[in-house]
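Here is a short briefing for a reader new to this structure. Look at the model first, then go through the points by topic.

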Amino acid sequence: MTTKYYTGDCCEVMERLAKEGVKTNLTVCSPPYQELRNYKNGCVWDMPRTAKALYDITCDGGIVCVNIGDQRKDFDESGFSYKLALEFKKHFKLLQTIIVVKDSIIFGGEQRLANQHEFCFCFLRGEKPRVFNKLMDRPNKQAGKWSNKVIGRHGENDELKKGEGKFLVAPFGARTSVWSVPVGFNKSAKETCAHEHCAVMSQHLALPLIKMFSQPGDVVLDCFGGSGTVPALCGSSFSEGQKRDSVYIDISPSYAKLAKRRVKEAENRAMREASQATKPHSQPAPTEAFPRTPSNQEAKEAARLILSYQEAFQAP
Ligand SMILES: C[S@@+](CC[C@H](N)C(=O)[O-])C[C@H]1O[C@@H](n2cnc3c(N)ncnc32)[C@H](O)[C@@H]1O
């Protein structure tokens with residue numbers, strides 16, 4: 001697993017890398033939300049140029065995931081998210097919009113609702129995604145019960161399909177486009193030092209995106225790298241042989257230093273956990289709070305159960 005670090009304006013860096021023939025398979029990033037945060041560099045970024053540079057560096061079938069929210073001022077939401085989606089759509093297809101529901105809320109004031117959501121736009125370069133690993137981690141309320149197949153919009157183009165017969169509901173179903181994402185101290189990142197950055201992307205958003213849209217050996221880019229969420233996850237959340245390479249870009253040299261520290265901390269923790277797991281009578285790792293992400297083991301078991309359900313049972 002390798003991480004390449006670059007400091008500088010992301011457009012300049014990506015344009016240079018693309019000229020050198022570098023291709024990325026997936027981008028997971030979160031640009032500055034206009035003036036919502038006070039970064040160390042008083043940064044500015046050029047949205048149209050970033051969209052084009054990301055297009056040029058992404059491989060055919062590659063995905064660019066952009067997490068973004070809106071600023072609210074004088075009873076007016078900026079609409080910045082929508083502007084971004086339409087700008088990127090000049091180059092990419094908008095494969096998927098994920099509604100990110102955070103477990104902490106920004107108080108809405110007297111005359112408007114508290115804001116609890118952001119968007120994660122997943123853009124596709126080319127005709128269709130080269131990797132899509134369905135995340136089977138949504139517990140089914142009706143698990144183990146028989147259910148009628150119903151008419152639904154199941155097709156690739158939302159066409160109506162009529163289901164026939166019955167099926168046994170599996171323990172887990174596929175994730176939908178609304179994600180509950182824990183955020184904040186000790187939740188967004190496992191590494192304490194990450195919180196020296198003022199806007200850490202939650203690992204509970206970044207990791208499922210990486211799992212869903214990349215495969216071992218792929219190159220995952222974060223062009224607004226900040227605290228180093230993407231390289232930390234690529235290096236420490238996968239077992240040997242499953243890891244992804246990463247490319248980190250940030251305009252701030254001090255954030256790049258922080259990211260390197262964080263990646264080291266994440267790697268050390270992963271090594272400790274791996275050696276702990278091989279010891280006899282070791283305690284299981286503490287489970288996460290709301291909403292708990294199934295472990296690899298649980299997800300595998302769920303997938304196995306689903307297959308065995310399908311094979312073993314004929315509907316009555
Ligand atoms: C929302 S933060 C990203 C947080 C990051 N995803 C993480 O998990 O820590 C945005 C980052 O973009 C960086 N930035 C702002 N303008 C930039 C530019 N033109 N090129 C590269 N990085 C930029 C800022 O320094 C900041 O660290």
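Two residues are in contact if their C-beta atoms, placed from the backbone, lie within 7 Å. By that rule, residues 24 or more positions apart account for 77% of the contacts in the chain with a separation of 6 or more. This is a predicted model: local features need pLDDT of at least 70, side-chain atom pairs count only at pLDDT 80 or more, and totals for chains, interfaces and linings use all residues. Numbering starts from 1 along each chain as its sequence is written.

**Overall make-up**
- The chain has seven helices and 16 strands; these are DSSP runs numbered from the N terminus, helices being H or I with at least four residues and strands E with at least two.
- Of the 316 residues, 31% count as buried, meaning that 20 or more other C-beta atoms lie within 10 Å of the residue's own, with C-beta atoms placed from the backbone.

- Eight strands make an open sheet with mixed pairing, in the order 1-16-15-2-3-7-6-14.
- Strand 1 and strand 14 (178-181) are the edges, and each pairs on one side only; pairing requires at least two DSSP bridges between two strands.
- Strand 2 and strand 15 pair in the parallel sense over two bridges.
- Threonine 27 has leucine 221, in strand 15, as its bridge partner.

**Helix 5**
- Helix 5 (residues 229-236) is mostly covered, with eight of its eight residues buried.
- Among the buried residues are Pro231, Leu233 and Cys234.
- Their cover includes strand 1 (3-7), strand 2 (24-29), helix 4 (203-213) and helix 6 (253-278).

Terms used:
Buried ≥ 20, exposed ≤ 12 C-beta atoms within 10 Å, placed from the backbone.
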